[in-house]
Amino acid sequence: TWGVTLSHRLIRMAKKNTKVEKKEKEESAEEEEEEEASPPPKGKKGAAKTAKAEKTKRAPSAYNIFIKDKLAELKTSNPEMDHKQRFKAATEAWNEQKKA
């Protein structure tokens, strides 16, 4: 009887081990699938890139629109003027328009 109970114990242990191994394989396969689906960002730069990608672009302010239009207008009217001078003239026009 000793041999019979020992062999039964060994068979049960072997079955448990195979069940545990199958479960571990399934869990590792699930983890691999999750890693492939969305890799975690690496370091600060990776996190910053994902944050930037999710941001929505803000609408331009009245100043931005005014300066853009004024720069285009000054560029067509004074093509010889460099960008720095055009920008200075545009900001002066904004300040005058704001005071009025």
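**Figure 1. Overview of the chain.** Buried residues account for 8% of the 100 residues in the chain; buried means under 20% relative accessible area, exposed over 50%, and partly exposed in between (1.4 Å probe, protein chains only). This is a predicted model, in which local features need pLDDT of at least 70 and side-chain atom pairs count only at pLDDT 80 or more, while totals for chains, interfaces and linings use all residues. Residues are numbered from 1 along each chain as its sequence is written, and side-chain values use heavy atoms, with hydrogens and water left out. Read from the N terminus, the order of elements is α-α-α-α. Helices (H or I, at least four residues) and strands (E, at least two) are DSSP runs, numbered from the N terminus. The chain exposes about 9600 Å², of which carbon and sulfur atoms supply 56%. Accessible areas come from the Shrake-Rupley method with a 1.4 Å probe; for residues, only the protein chains shown count as cover.

**Figure 2. Confidence along the chain.** Mean pLDDT is 80 for the chain, with 71% of its residues at 70 or more. pLDDT is the predictor's confidence in each residue, from 0 to 100. Helix α2 (residues 43-54) has the lowest confidence, with a mean of 65. Helix α3 has the highest, at 95. Where pLDDT is low, the predicted coordinates should not be read in detail.

Figure 3. α3 contains 16 residues. Its first and last C-alpha atoms lie 22 Å apart, close to the 22 Å expected at 1.5 Å a residue. The expected span of a helix is 1.5 Å times one less than its number of residues. Ile67, Leu71 and Leu74 are the buried residues of α3. They cover an arc of only 70° around the axis, so they sit on the same side of α3. The arc is that of the directions from the helix axis to the C-beta atoms. The face turned away from this buried side carries the exposed residues Ala62, Lys68 and Thr76. Cover for the buried residues of α3 includes α4, where contact means heavy atoms within 4.5 Å.

**Figure 4. Helix α4 and its two faces.** Helix α4 (residues 83-99) has 17 residues, which should span 24 Å at 1.5 Å a residue. Its end C-alpha atoms are 24 Å apart, in agreement. Arg86, Ala90, Ala93 and Trp94 are buried in α4. Down the helix axis, these buried residues fall within an arc of 105°, so they line one face of α4. Lys84, Lys88, Glu96 and Lys99 are exposed on the other side. What covers the buried residues of α4 includes α3 (62-77).

**Figure 5. Aromatic cluster of Tyr63, Phe66 and Trp94.** The structure holds two aromatic pairs. Rings of Phe, Tyr and Trp (its six-membered ring) pair if their centres lie within 6.5 Å; planes under 30 degrees apart count as stacked, over 60 as edge-to-face and the rest as tilted. Tyrosine 63 and tryptophan 94 pair edge-to-face, at 5.4 Å centre to centre with 80° between the planes. This pair links distant parts of the chain: tyrosine 63 lies in helix α3 and tryptophan 94 in helix α4, 31 residues apart. Tyrosine 63 is partly exposed because its relative accessibility is 30%. Tryptophan 94 is buried, with a relative accessible area of 16%. Phenylalanine 66 and tryptophan 94 have ring centres 5.3 Å apart and planes at 55°, so this pair is tilted. Phenylalanine 66 belongs to helix α3 and tryptophan 94 to helix α4, 28 residues apart. At 22% relative accessibility, phenylalanine 66 is partly exposed.
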